[in-house]
Amino acid sequence: MYKQCNVSVRKQNTEPIESMIKRFNRSVKDEQVFIQLKEKSYYKSKGQLRRETKRRNKRRLESSNQNTNYFME
């Protein structure tokens, strides 16, 4: 369900620490490490997971319908 994330950044020649920290933060954001931590922090029942996926799918369908209606006018 979740993939293991090992985020690491190596310092390049003559690179300031600030830019290295920025690269690290960007890679953490790309790997969605904090999102996975937040999801794993508490237990969700099967019913709750089903309701969430249903809500997500409904929202996605509604937004896609709005986009297609926009182009039909």
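The chain has 3 helices and 0 strands. Read from the N terminus, its elements follow the order α-α-α. Helix H1 covers residues 17–31, and helix H2 covers residues 33–40. Helix H3 takes in residues 46–72.

Since the model is predicted, its confidence scores deserve a look. The average pLDDT of the chain is 84, and 85% of the residues reach at least 70. Confidence is highest in helix H1, with a mean of 89, and lowest in helix H2, with a mean of 82. Where pLDDT is low, the predicted coordinates should not be read in detail.

How much of the chain is buried? Of its 73 residues, 8% are buried. The accessible surface amounts to about 7400 Å², and carbon and sulfur atoms account for 52% of that area.

Next come the contacts between charged side chains. The structure contains 3 salt bridges. One of them joins arginine 23 to glutamate 15, where the closest N and O atoms lie 3.0 Å apart. Are these two partners buried or exposed? Glutamate 15 has a relative accessibility of 11%, so this residue counts as buried, because the limit for buried is under 20%. Arginine 23, at 25%, is partly exposed.

Another salt bridge forms between the side chains of lysine 44 and glutamate 52, with a distance of 3.2 Å from N to O. Lysine 44 is buried, its relative accessible area being 18%. Glutamate 52 also forms a salt bridge with arginine 56, and here the closest N and O atoms are 3.9 Å apart. That distance can be checked against the cut-off, because a salt bridge requires the nitrogen to be within 4 Å of the carboxyl oxygen. Where do glutamate 52 and arginine 56 sit along helix H3? They are 4 residues apart in this helix, which means that about one helical turn separates them. Taken together, Lys44, Glu52 and Arg56 are linked in a network of salt bridges.

Which residues form the positive surface patch? The patch is made up of Lys46, Arg50, Arg51, Arg55 and Arg59. One of these residues, arginine 51, is found in helix H3.

Note on methods. Residues numbered from 1 in each chain as written. Predicted model: local features only at pLDDT ≥ 70, side-chain atom pairs only at ≥ 80, totals over all residues. Heavy atoms only, no water. Patch = residues over 30% accessible without salt bridge, like charges linked within 9 Å, V, L, I, M, F, W, Y side chains within 5 Å. Areas by Shrake-Rupley, 256 points an atom, 1.4 Å probe, with all protein chains shown as cover. Lys, Arg positive; Asp, Glu negative; His and termini not counted. Charge placed at Lys NZ, Arg CZ, Asp CG, Glu CD. Helix = DSSP H or I, 4+ residues; strand = E, 2+ residues; numbered from the N terminus. Buried < 20%, exposed > 50% of the residue type's maximum accessible area, 1.4 Å probe, protein only. pLDDT = per-residue confidence, 0-100.
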